[in-house]
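Open the model in a viewer and keep the sequence panel beside it. The stops below go from the whole chain to single residues.

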Amino acid sequence: MNSVDFLLTNKDITYEIRTKIKRLGRPIADLIISKTDVGKSRNYSRNLNSSVYDIFKWLCGCPKRNKLFCFICLVMRGNPSAWTQEGNEELISRR
Ligand SMILES: [Zn+2]
């Protein structure tokens, strides 16, 4: 019930259910997100590190979409943004 997919596909979740989901906590999915940056002398490869979940306590992951979301905004219907709609894959750990 506390999955990103559930929150994204069910638009009419009651406040009661939302509170329940919030209590269940955020889904921390091990996503495979890899990015390659082109550098001057070499390219840099960056991978999502699960420690980002420790750094950003609001972060949650959707294994179906392989994207990151803001759990609080998803549950409490925050302002529409990449963090609540299509998901983000830009926030990845330092090199
Ligand atoms: Zn948020």
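**Whole chain**

The chain holds 4 helices and 4 strands; helices (H or I, at least four residues) and strands (E, at least two) are DSSP runs, numbered from the N terminus. This is a predicted model, in which local features need pLDDT of at least 70 and side-chain atom pairs count only at pLDDT 80 or more, while totals for chains, interfaces and linings use all residues. Residues are numbered from 1 along each chain as its sequence is written.

Colour by secondary structure and read along the sequence: the pattern is α-α-β-β-α-β-β-α. Along the principal axes, the C-alpha atoms of the chain fill a box of roughly 55 × 20 × 20 Å. Buried residues make up 22% of the 95 residues. A residue is buried if 20 or more other C-beta atoms lie within 10 Å of its own, exposed if 12 or fewer, and partly exposed in between, with C-beta atoms placed from the backbone. Two residues are in contact if their C-beta atoms, placed from the backbone, lie within 7 Å. Of the contacts between residues at least 6 apart in sequence, 46% join residues at least 24 apart.

**Stop 1: the nonpolar core**

Select Val-4, Phe-69, Cys-70, Phe-71, Leu-74 and Val-75, the residues with the most contacts inside the largest nonpolar core, which has 15 residues. Helix α1 (4–9), strands β3 and β4, and helix α4 each supply at least two residues of this core. A nonpolar core here is a set of buried Ala, Val, Leu, Ile, Met, Phe, Trp, Tyr and Cys residues joined through C-beta atoms within 7 Å. In soluble globular proteins, nonpolar side chains tend to be buried together.

Now centre on Cys-70. Leaving aside residues up to four places away in sequence, Cys-70 touches Trp-58, Leu-59, Gly-78, Trp-83 and Thr-84.

**Stop 2: helix α2 and its end**

Select residues 15–24, helix α2. Of its 10 residues, the number buried is 1, so helix α2 lies largely in the open. Within α2, pick Leu-24. Is Leu-24 buried or exposed? Leu-24 is exposed, because 12 other C-beta atoms lie within 10 Å. Its contacts, not counting residues up to four places away in sequence, are Met-1 and Asn-2. Draw a C-alpha to C-alpha distance from Leu-24 to Leu-7: the two are 13 Å apart in space and 17 residues apart in sequence. Step on to Gly-25, which follows α2 and has a positive phi, near 95°.

**Stop 3: the β1–β2 hairpin**

Select β1 (residues 34–38) and β2 (residues 43–47). They form a hairpin with 4 residues between them. The two strands run antiparallel and are joined by 5 bridges; strands count as paired if DSSP finds at least two bridges between them. Of the 5 residues of β1, the number buried is 0, so strand β1 lies largely in the open.

**Stop 4: two positive phi values**

Go to the loop between β3 (59–62) and β4 (67–70) and pick Asn-66. Asn-66 is not a glycine, yet has a positive phi of about 55°. With 14 C-beta neighbours inside 10 Å, Asn-66 counts as partly exposed.

Finish in the segment after α4 (71–76), at Arg-77. Phi of Arg-77 is positive, near 55°, again in a residue other than glycine. Arg-77 is partly exposed, with 14 other C-beta atoms within 10 Å.
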